[in-house]
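Welcome, and thanks for taking a look at this one. Here is a friendly set of notes to read beside the model.

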Amino acid sequence: MAITYRMLDPRSHTARGRDKSITHKPGSPIMVTADDGKSQDGPRPVAYLLRNTASGGPNTYLPGAREILLYGDEQCREVLATVTTEHGTGFGFGGPRFVYRVLDPDGELIGRISLRRGRIFRIGRSHWTMEQSGTPPVRGSAGRLMWWALWWTVLLPVNIALVVAAFSGLAQDPVTTPRRIVWRDGAGRAVMSFRGLAGDYRVIQDHWDPRMVASLVAIHQTYVSIAISDSTDWYHR
């Protein structure tokens, strides 16, 4: 049974990657929802997200740092999990690598999420790894090779114009590279996917901790555009 996760950001100026099927009060925190397709009530809230400005960890201010609190209630009183940065900088072979830990309220490790970014001005194929405690890691790469080939050839003149417009503040929509990701296990079986156009995350295997998936959504949604702005990146807003 597949479960579909989405982000609902009431402060966003764009509709991409956002779930509009749930309404909530203005000023409410960003929400990650899940829908198993069975409930007549539709998607249910999984976690409410807030940037953790008081973490004070050694990696908090590194370029790739993400410090996030996941709450179980809209009033942000019940902490479900904490995302903290284990490795947030560096330009090793293959591009910068960032590692994030997901901890439960007692500080126990739920899992790790790793990102290896593209090498050329961040316009390249990113590689994501998820490792939940007690299970083998799964890996996925952003975009299909065919779409990357078109992105760098046929669509290159248009993409250059869009990139310039995005960084100059003229673009109204996030500038994105090919984004579809399919996470696979060691045997090559698909266990999770992100659909760029729909902006949702489909979890195929049921052993994944919802807090782990919600943390992935929270982190990944800060990397959906190559031009960070108030309307495309909830974390840096």
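The numbered points below go from the overall picture to single residues.

1. **Ground rules.** This is a predicted model, in which local features need pLDDT of at least 70 and side-chain atom pairs count only at pLDDT 80 or more, while totals for chains, interfaces and linings use all residues. Residues are numbered from 1 along each chain as its sequence is written, and side-chain values use heavy atoms, with hydrogens and water left out.

2. **Confidence.** The pLDDT (the predictor's confidence in each residue, from 0 to 100) averages 79 over the protein, and 70% of the residues score at least 70. Please read residues 14-19 with care: their pLDDT is below 50. Beyond near neighbours in sequence, this stretch still has 22 contacts in the model, where contact means heavy atoms within 4.5 Å.

3. **Overall make-up.** The protein has 3 helices and 12 strands. Helices (H or I, at least four residues) and strands (E, at least two) are DSSP runs, numbered from the N terminus. Of the 237 residues, 49% are buried; here buried means under 20% relative accessible area, exposed over 50%, and partly exposed in between, using a 1.4 Å probe and protein chains only. Among contacts with a separation of 6 or more, 46% are between residues 24 or more positions apart. The protein exposes about 12100 Å², with carbon and sulfur atoms supplying 55% of it; the areas come from the Shrake-Rupley method with a 1.4 Å probe, and for residues only the protein chains shown count as cover.

4. **A run of paired strands.** Two strands pair if DSSP finds at least two bridges between them. Next, β3 and β4 pair in the antiparallel sense over 4 bridges, with R51 partnered by I68. Strand β4 (residues 68-71) is in turn joined to β5 (residues 79-87) by 4 bridges, again antiparallel, and I68 has V83 as its partner in β5. Finally, β5 and β6 pair in the antiparallel sense over 5 bridges, including the one between T84 and R101.

5. **The nonpolar cores.** A nonpolar core is a set of buried Ala, Val, Leu, Ile, Met, Phe, Trp, Tyr and Cys residues joined through side-chain atoms within 4.5 Å. The largest has 42 residues, and the members touching the most others are Y5, L70, W128, M130, W183, M192 and W208. Helix α3 (residues 210-220) gives the largest share of this core, 7 residues. A second, separate core of 6 residues includes L8, M31, Y48 and Y71. As background, nonpolar side chains tend to be buried together in soluble globular proteins.

6. How many residues of α3 are buried? The count is 9 of the 11, so α3 is largely enclosed by the rest of the structure. The buried residues run from M212 through V213, A214, S215, L216, V217, A218 and I219 to H220. One of them, V213, is touched by W208, whose other contacts are M130, Q132, V138, V191, M192 and V203, leaving aside residues up to four places away in sequence.

7. Rings of Phe, Tyr and Trp (its six-membered ring) pair if their centres lie within 6.5 Å; planes under 30 degrees apart count as stacked, over 60 as edge-to-face and the rest as tilted. By this rule there are 4 aromatic pairs. F98 and Y223 are stacked, 6.5 Å centre to centre with 15° between the planes. This pair links distant parts of the chain, with F98 in β6 (residues 97-103) and Y223 in the segment after α3, 125 residues apart. W128 and Y223 have ring centres 5.8 Å apart and planes at 75°, so this pair is edge-to-face. W128 lies in β8 (residues 127-132), 95 residues from Y223. F98, W128 and Y223 form one aromatic cluster; F98 and Y223 are both buried, and so is W128.

8. **Two loop residues to look at.** C76, in the loop between β4 and β5, has a positive phi of about 60° although it is not a glycine. Most residues other than glycine have a negative phi. G186 sits in the loop between β10 (181-184) and β11 (190-195) and is exposed, with a relative accessible area of 84%. G186 and P137 are 49 residues apart in sequence and 7.8 Å apart in space, C-alpha to C-alpha.
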